Amino acid sequence: MPTKFFGGVHPHTNKITQRDYISELTPPAKVFVPVVQHIGKPAIVKVNVGDYVKVGTLLASADGVISANIFSPVSGKVMAIENRPMGDREVTHIVIDNDFSDNAEFLPKLTNPTKEQILARTAEAGIVGMGGAGFPTAAKLTPPSGVTIDTLVINGAECEPYITSDHRIMLEYPEQILKGIRYIATALDVHNILIGVEENKQDAIDTLNKVIAANNITDIKVVGLKTRYPQGAEKQLIYALTKRVVPACELPSKVGVVVNNVHTALSVYYAVYEGQPLYRRVVTVSGGAVKNKGNYWIRTGTTYKDVLAECKTIDSRENVKVIQDKIKEKQSQLEKLDKSQKSEIKAVRAELKSLEKELSTVKSSQYIMIVNGGPMMGACTQNDENVITKTSSALLFLTEKEVNTVSPSQCINCGKCARVCPMRLMPMFIDAAAIAGDWAEAKKYGAVDCILCGSCSYICPAKRDLVSSMKKSKKMIATRGI
Amino acid sequence: MEKLFVRTSPYISSRFATRKIMLDVIIALIPCIIAGVIFFGWGTLILIGVCCLTAFVSEFLFTLIKNNKWNWEAVKNSSATDLSCFVTGILLALNLPASLVWKSGQPGVISLANIWMPMVGTVFAIVFVKMAFGGIGKNFANPALAARIFMVVSFGAFMGTVGTNNIIGLDAVSSATWLSTRNASAVSSQWFNMLIGNKGAAAFGETSVIAILIGYIYLSVRKVIDPRVPLIIIGGVAVFAFLFDALPNGSSFSEMMLLVAGHVLTGGLMLGAVFMATDYSSSPNTFRGNVIFALGIALLVVIIRVFGKTDEGVSYAILIMNILVPLIDKYIYPRAFGRKRATRGAK
Ligand code: SF4
Ligand code: SF4
């Protein structure tokens, strides 16, 4: 079976939430909707402070082809239009007070839509690639002239650890996904459709196959893929499914393929069939610190803080302080005691010991890192005021035990990084070149081709931060034009 | 609220760690150490202890002096704590003749008169071969191997082959190695002793093929080494030995096969192939590079043995190929996925 690609790693999958049914997360009292939730230009704000908006009201409209419309996730009043930090930049956010009435204003439903209607609707409903990249789907479905697309690949690999949102939607919305895929296929005019799913999601493969058989669909095939990270990376996925090699620095359309994520297909279905624009998505909320781990429909613009407030932590951060205060109290008590009061000293010591033990268990269940996306390629932040966007497939609150906090040591030249690199690069040489500032050398060993999958850093015994060298090299090569 | 932790992705990491890998190598060497004790007596343990201690102390002092910091932090951060110096220490000890700690003329009776030699060798390995080039990962040659050659050159008289002095009462085998005679009938009569290690050797760790194979399997299962590389070396030696030694010198087919078996089972080939040629920093980084490296070793081993008339074939062969590794790594690296060789780096 054509399911292999070069390299890759086997991180512990940690798909803790794969049996949890998707439920709706109670929307927060206030949402902060950023005008950038996609690759490309920020959308242009179309509402004013004080306006009343409904669920699905257009808040900001796409600025050109590589941009996307933004819709209101709740109904209520626009309170402010302000700049807030998002990642390492400042982005305009539209702040809306939720009146919890969920008045909706959707687009008209389309029955039997034509190719043009589907394309127009994907653009209108603000649909972007929901696997993480956020490339506007309408632009993807309009291949450049002279290029013929003969294969549509649907990415249901979900190779990142922890994330189960795609897995769950394949189990719970198979009909809708297949209809969405049909719309995409109609828009592209292709009749060879491959859905790639990793073999650790056999139940999803079976579910999709059942629906395909029940509806006598002949041109959609579900292909089981080897469970191996980064199976879901575009070029690796295309190679595994079709044996076609996308040339370096080219898009999949070069080899006649378009790739879309399963969640994107689901959103296309909602946009076309129900007229529902993209204002919410399924997010896996997980990580050692979360009590109610699960898969939730979350409105875009919900802050991480609000998500955690709903899902609860196993032990709150305040508890640490409470216990610390108790320890301090006991310590001062101990100091005050006279040496002769042996039995009292013994009792206080024992209490102290049990408190310290409690502190360490409470501490070990605290999160030390927030990750938007998977632990291999997601973005981590210190700011829990950041919000869920169209591309947030997961939100992880990781504990110290889960996160790699070891500082890097000297490269032992083991060659493991080169062996796992799915792009067949030489990470250790690029790392050395980046440290030496020799960008030409970094380029020679393939820095420009790096997909930043993180397999090399993951495997490295010296725990070297290879990905940051890759990022730096890519940037320097691009800006200096080497 | 305490500040949250941020770093570049990925945020999770594999079970591999430098120290754990080194620990795995040490564990894999335990069967060899046991075989050494069985066939050459308790003195071998003293050799190992001396080499390890010297290795640790010299690496430790080197890092402290180099960084010129003398506090607890510096002690904790010293690269000596990553256990790689113990690997070098044990490997060097395994590459020495047990007679270094024997009273002269009295095999098996321990005397410490010659103990300065392993110490000098270890300091050479750690300070000149490993640390002077930047420490772990940067040394161009395998420190233990380079030190062995250094000792053969410096104290040649003490580095010769010795017969076994096993502590389990097996019949001792003649002390001259098989390689000096390359006699087919010896293989057919002595194959069992060759396999378990009841034979004379210039390096007490190389004696037991079985012990080394146990280590090989362990390292392969733990994914510390690429299991294919030792196989290519050993297979390569078999083929080249057939071509250059068995074909010209063997009279019958079975004799030819015995000659090939002799080449494979003796002279530290196994130890070199499993533990020396797989040393991370002195071997190529890619599998294709490693194939060239391994075949080069195999060819050199046979050439040196047949035409050079020396027992040190394996050591020299690996050392020569070590020196060629930067060259191999410079030219043998894979073409990035989706790139054609001609256009590589063009865009
Ligand atoms: S070099 Fe780039 S593509 Fe290769 S493993 Fe590392 S991050 Fe992935
Ligand atoms: S995996 Fe790490 S230690 Fe090994 S060669 Fe690559 S960078 Fe060096």
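Which helices of chain B each supply at least two residues of the lining of the largest cavity? I looked this up and found α1 (18–40), α4 (84–94) and α12 (269–276) of chain B.

**Ground rules.** I am working on a predicted model, where local features need pLDDT of at least 70, side-chain atom pairs count only at pLDDT 80 or more, and totals for chains, interfaces and linings use all residues. Residues are numbered from 1 along each chain as its sequence is written, chains are lettered from A and ligands numbered from 1 in the order in which they are written, and side-chain values use heavy atoms, with hydrogens and water left out.

**Cavities.** A cavity here is a set of points, on a 1 Å grid over the protein atoms alone, where a 1.4 Å probe fits but cannot get out; lining residues have an atom within 4 Å of a point. Grid points are joined across faces, edges and corners, and a volume is the space filled by probe spheres set on the points. I noted six cavities of 30 Å³ or more.

The largest cavity holds about 320 Å³ of space. I listed 23 residues in its lining, and B:Met22, B:Val25, B:Val87, B:Asp279 and B:Tyr280 lie nearest its centre. Of the elements (helices are DSSP runs of H or I with at least four residues, strands runs of E with at least two, numbered from the N terminus), α4(B) gives the most to this lining, with four residues. By class, I recorded 14 nonpolar, seven polar and two charged residues in the lining of the largest cavity. The classes are: Ala, Val, Leu, Ile, Met, Phe, Trp, Tyr, Cys and Pro nonpolar; Asp, Glu, Lys and Arg charged; the others, Gly among them, polar.

The second largest cavity has about 130 Å³. Its lining includes A:Cys414, A:Lys416 and A:Arg419 from chain A, and B:Val224, B:Asp226 and B:Tyr280 from chain B. I sorted this lining into six nonpolar, three polar and three charged residues.

**Between the chains.** I found 66 residues of chain A in contact (heavy atoms within 4.5 Å) with 43 residues of chain B. The two chains bury about 4,800 Å² between them, 56% of it on carbon and sulfur atoms; buried area is the accessible area (1.4 Å probe) that two parts lose on being put together, summed over both. On the chain A side, A:Gln382, A:Ile412 and A:Arg424 lose the most area to chain B, together 14% of what that side buries.

I also counted two salt bridges between chain A and chain B, a salt bridge being a side-chain nitrogen of Lys or Arg within 4 Å of a carboxyl oxygen of Asp or Glu. B:Arg7 and A:Asp465 form a salt bridge at 3.9 Å, N to O.

**Backbone.** Most residues other than glycine have a negative phi, and most peptide bonds are trans. I noted a cis bond from A:Tyr229 to A:Pro230, with omega near -5°. Another cis bond runs from B:Ser9 to B:Pro10, with omega near -10°, and B:Pro10 lies in the segment before α1 of chain B. A:Lys243 has a positive phi, near 65°.

**Confidence.** The predictor gives the complex an ipTM of 0.87 and a pTM of 0.90. Residues 342–347 of chain B fall below 50. Where pLDDT is low, the predicted coordinates should not be read in detail.

Key:
1 Å grid on protein atoms, 1.4 Å probe; cavity = no way out; pocket = protein on both sides within 12 Å on 5 of 7 lines; lining within 4 Å. pLDDT = per-residue confidence, 0-100.
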